[in-house]
Each structure stands twice: as C-alpha cells, then as structure tokens.
Amino acid sequence: MKDKVLIVGFSVTGIAAARYLSSFCNVYLTESAQKKDEDSKDIIELEKSGVKLEFGAHSDEFIKGAKFAIISPSIPRDAQILKELEKNNVEYFSDIEYIFRYIKDKAKPQMVVVTGTNGKTTTTLLMSHIFSEKYIAPYCGNVGTSPFDCLNNNPDYLIVEASSYQLNYSKELAPKIAVFCNLTPDHLAWHGGIDGYFEAKAAIFKRMDKNSHAILNFDDERVKNLAEKLNCNTHFFALEKSELPCIEGNCYIENNAIYYGAEKIIDTKDVPIVGNHNLQNVMGCIIAAKVENIDNKTIVSAIESFKAPAHRCEFIRMLDETAYYNDSKATNPEAAIVAINSFKGKKTVLIAGGRDKNTSLKEFIELVKQRISKVVLIGEATDRFTDELYSSGYTNIVHAQSLEEAIDLASLDKPDVVLLSPACASFDMFKNYEERGEAFRRYVLSKKQLVSR
C-alpha cells in the first residue's frame with residue numbers, strides 16, 4: 001500500500017515534489033491561495049499523475065494520515081498549517097531534507113550545499129560548471145531548479161543553493177561539502193533577528209562529520225568563527241594570505257593570483273566575473289573542486305569559460321566608453337556595497353531604489369560618498385534614501401519616475417560605469433528582481449547612443 005504524503009504549497013518546490021513522489025506515493029498537494037488560470041497546465045499534469053489538489057484552504061482530509069509533509073520554502077514559521085501538522089503528528093521538512101534522507105546511505109549523488117546571504121547563486125552555478133567537466137553535477141535548489149527534477153538523470157553530485165528558509169525546514173541535512181559565502185542582515189523578521197538567521201544557515205555545518213568538508217569565508221568574522229564549533233574538515237578562503245591560520249587546504253590571493261595552499265591556480269585577471277566578492281566565490285569553488293580531486297587544468301578552463309549569471313553584476317554592453325552593469329539581484333544595501341566595491345577607481349553612476357527594506361544605510365552611504373559620482377533614485381525608497389544621503393553631505397542626487405528615465409539620467413555624465421544595484425526589493429515597480437533586471441537589459445541594448453546634454 002502506498003504511503004500518503006502531503007505537499008504544502010503550489011510552487012516550483014511543491015510541483016516538482018508532487019511530480020516526483022506521485023509514482024510511488026499517494027500525493028496530496030494543498031495550497032492556501034486560490035487557483036490561478038496560469039496554473040492550469042501544471043494542475044492538469046499533476047491530476048493525470050494521480051495527485052490530489054486543493055486550493056483556498058488546508059483541509060483536515062488532506063492533513064490527516066500523512067506520513068510526512070514537504071514544505072515550500074516561503075511558508076512562514078508561524079503559519080497555521082504547521083500548527084495543524086504538529087497537532088496531527090505529521091513531520092514536515094524541506095525538499096532538500098527529503099532528498100538528503102533518501103540518498104544519505106547511497107554512493108551517489110553526493111550533496112554539495114552553498115549558503116550565505118550574497119553570492120550563493122554565482123557560487124552554485126560556477127561550482128556546477130566546474131564539476132560538470134568531470135561528473136554529472138546539476139545545480140538546483142534556490143537557484144530555480146528543483147533537486148527532484150535532477151534525480152532522474154542519475155547525477156554524481158547535486159550542487160544545491162540553499163536559502164535560509166529551506167535550511168530552517170531541514171533538521172538532519174549534513175552534506176558532504178558545504179560552502180558559507182558570507183552573512184549580512186537579511187530576512188530578519190522571518191528568522192526573528194540576525195542570530196536566528198545565522199543559526200538557520202550554520203546548523204548544517206554543525207551536523208557535518210569528519211568525512212565532510214566545510215568551506216568558510218575567512219573575511220567574514222561570524223562565518224570564520226563558526227569553525228570553532230565544527231567537527232568536520234574546515235577550509236577557509238580569504239582575499240589575503242597573511243592571517244590564514246595555515247595555508248594547506250585553504251585559498252587566498254597573492255601577487256594577483258589565486259592559490260590553493262602552495263599551488264597557484266589562476267591569475268585574477270583571467271577570472272571573467274568582476275569584484276572581490278566574485279574572487280571569494282571562485283575560491284570557494286576551487287576548494288570544493290580540489291577536495292573532490294578535480295585537476296587544476298580542468299578547474300582553470302571552467303573558470304575562464306564561465307559567464308556571470310543574470311542580474312548579478314552582469315555586464316550588458318559598452319556604449320561609447322560607458323559600461324553598463326545589471327546588478328538587480330542586489331535587493332539589500334549590503335549586496336549593493338559589494339557591487340560598488342567592484343568598480344573602485346571608476347567614475348560610476350549608481351541607479352538605486354525600489355521597495356525599501358528599512359535596514360541601515362550607514363555603510364552604504366559612506367561607500368557612495370567615496371565611490372559614486374552620482375546617484376539616480378527610483379521607486380518607493382526615494383524619499384528615505386534622499387534624506388539620508390543629504391544628511392550625510394552627499395548631494396549629487398537625481399530622481400527618476402521610471403527605470404528607463406533613470407538610465408538616461410545616469411548616462412548624461414558619460415561615466416565609466418552605469419550600475420543598477422538597487423539596494424531594495426523590486427515589488428513597487430516590478431514583479432521581481434529578474435523582471436527589473438530584464439527591463440534594464442532591454443533598454444540598455446536598445447540605446448543607439450548616450451543621451452545628449
């Protein structure tokens with residue numbers, strides 16, 4: 001007799017989990033929102049597979065008797081459905097937790113998890129790119145592809161981008177390799193503060209054993225100090241060699257080259273993605289590849305052929321002598337700081353604004369004063385950003401009513417760089433950061449010349 005399982009949330013995660021499990025389980029999928037017309041294709045496919053669906057409520061009929069429930073990452077920690085599951089003694093967890101439990105006693109696929117606040121997607125994609133030179137190693141998770149959709153190809157590795165939401169619902173997950181890119185304030189309301197946010201990410205590292213490898217950002221104090229609490233093999237990456245406790249198994253930069261221990265791997269000028277943050281991402285990937293005995297020639301070739309993912313300090317084009325970069329993924333001030341630091345010494349005009357996350361702008365503004373020649377502001381955050389910039393003494397600010405107008409205004413000064421790095425969410429003007437980034441790309445590519453004064 002097939003087990004009854006419950007999927008909570010009609011999402012990328014929920015649909016993929018239902019599709020995969022339907023071949024050997026009785027699958028019930030419950031969604032609190034109403035059915036949408038654009039969901040009809042997926043609904044028909046799932047119903048043909050025998051999946052039972054409900055929209056607009058979470059009924060007792062669906063909950064009772066379920067062996068377990070897989071939770072979509074966006075379900076709030078205090079959601080009523082979780083209380084109902086607990087009342088009915090139904091264990092619930094994330095999709096990556098299910099897959100870890102399913103594969104943990106098998107030879108493959110091995111799971112590599114990438115987490116942190118910023119840089120997760122670039123690191124995940126680059127690591128998959130490197131590993132895929134030798135193995136079947138698809139990227140999945142928060143990057144947009146469900147790990148369930150990768151299992152049918154018999155992969156050697158799953159390279160998983162894991163959000164703090166997914167990790168919060170993962171109670172046993174302990175991957176073979178895990179990378180902690182960095183930690184800056186984000187999703188604090190959901191996790192109840194920075195400590196809860198950090199612990200959601202740190203927990204998987206604390207469960208790893210002597211056969212596992214933790215790869216940590218030595219330049220991030222909180223991440224670096226996590227090593228003291230771990231029982232696994234620990235590796236660091238750092239922008240400078242000087243303070244690393246030892247160099248064997250660690251990555252660092254010296255004489256404009258990336259080293260792994262005493263081995264020179266690649267000159268920094270040959271890394272095609274810009275900024276120190278991306279050098280950190282590259283170093284995390286190099287360590288993981290070396291741990292799995294991938295040779296230097298393969299690593300270097302893969303790095304050199306890698307292209308930056310969309311919306312993450314993505315080079316769009318040169319127009320006259322101005323370079324346009326789309327960093328729409330920078331939805332908080334910390335991420336925008338990383339992007340701004342990538343263009344030190346360049347005359348840079350910054351396009352910022354959107355839906356304000358109301359986090360501190362102090363460090364962001366200090367860097368703007370040092371590095372940015374002009375700020376063009378859009379969206380709901382315009383007033384607060386303007387007030388705080390003016391209060392700090394920075395006055396070269398203009399306002400735009402649309403992203404297209406902002407690009408035109410940014411282009412007037414004929415800068416070296418026009419950088420879209422909003423430091424805000426996109427939901428005031430766009431459906432998501434991808435739509436915002438695509439609007440930037442589309443307009444920049446349509447321009448025949450810089451706007452005349």
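Predicted model: local features only at pLDDT ≥ 70, side-chain atom pairs only at ≥ 80, totals over all residues.
**Exercise 1. Describe the largest pocket: its volume, its centre and its lining.**

Step 1. Start with volume. The largest pocket has about 1300 Å³.

Step 2. Find the centre. The lining counts 38 residues, and Asn142, Tyr165, Lys329, Tyr433 and Glu434 are the closest to the pocket's centre.

Step 3. Assign helices. At least two lining residues come from each of H1 (12–21), H6 (120–131), H7 (164–168), H9 (194–206) and H17 (433–446). H7 gives the most, with three residues.

Step 4. Sort by class. The lining has 19 polar, 10 charged and nine nonpolar residues.

**Exercise 2. How many cavities of 30 Å³ or more does the structure hold, and what lines the largest cavity?**

Step 1. Count. The structure holds one cavity of 30 Å³ or more.

Step 2. Size. The largest cavity has a volume of about 240 Å³.

Step 3. Lining. It is made up of 18 residues, with Asn118, Gly119, Arg312, Asp327 and Lys329 nearest the centre of the cavity. The elements giving two or more residues to it are H6, H11 and H13.

Step 4. Class. Eight of the cavity's lining residues are polar, five are nonpolar and five are charged.

**Exercise 3. Which residues have the most contacts inside the largest nonpolar core, and what is Leu216 in contact with?**

Step 1. Recall the background. Nonpolar side chains tend to be buried together in soluble globular proteins.

Step 2. Identify the core. It has 60 residues, and Ile70, Phe148, Phe205 and Leu216 have the most contacts inside it. H1 provides the largest share, six residues.

Step 3. Follow Leu216. Set aside its neighbours within four places in sequence; the contacts of Leu216 then include Phe180, Phe205, Val223, Leu226, Leu230, Phe236 and Phe237. Lys224, Thr234 and His235 are also among the contacts of Leu216.

Step 4. Look beyond this core. Another core lies apart from it, with 38 residues, including Leu125, Leu126, Phe131 and Ile273.

Technical notes: Residues numbered from 1 in each chain as written. Heavy atoms only, no water. 1 Å grid on protein atoms, 1.4 Å probe; cavity = no way out; pocket = protein on both sides within 12 Å on 5 of 7 lines; lining within 4 Å. Points joined across faces, edges and corners; volume = space filled by probe spheres on them. Helix = DSSP H or I, 4+ residues; strand = E, 2+ residues; numbered from the N terminus. Nonpolar A, V, L, I, M, F, W, Y, C, P; charged D, E, K, R; others polar. Core = buried A, V, L, I, M, F, W, Y, C linked by side-chain atoms within 4.5 Å. Buried < 20%, exposed > 50% of the residue type's maximum accessible area, 1.4 Å probe, protein only. Contact = heavy atoms within 4.5 Å.
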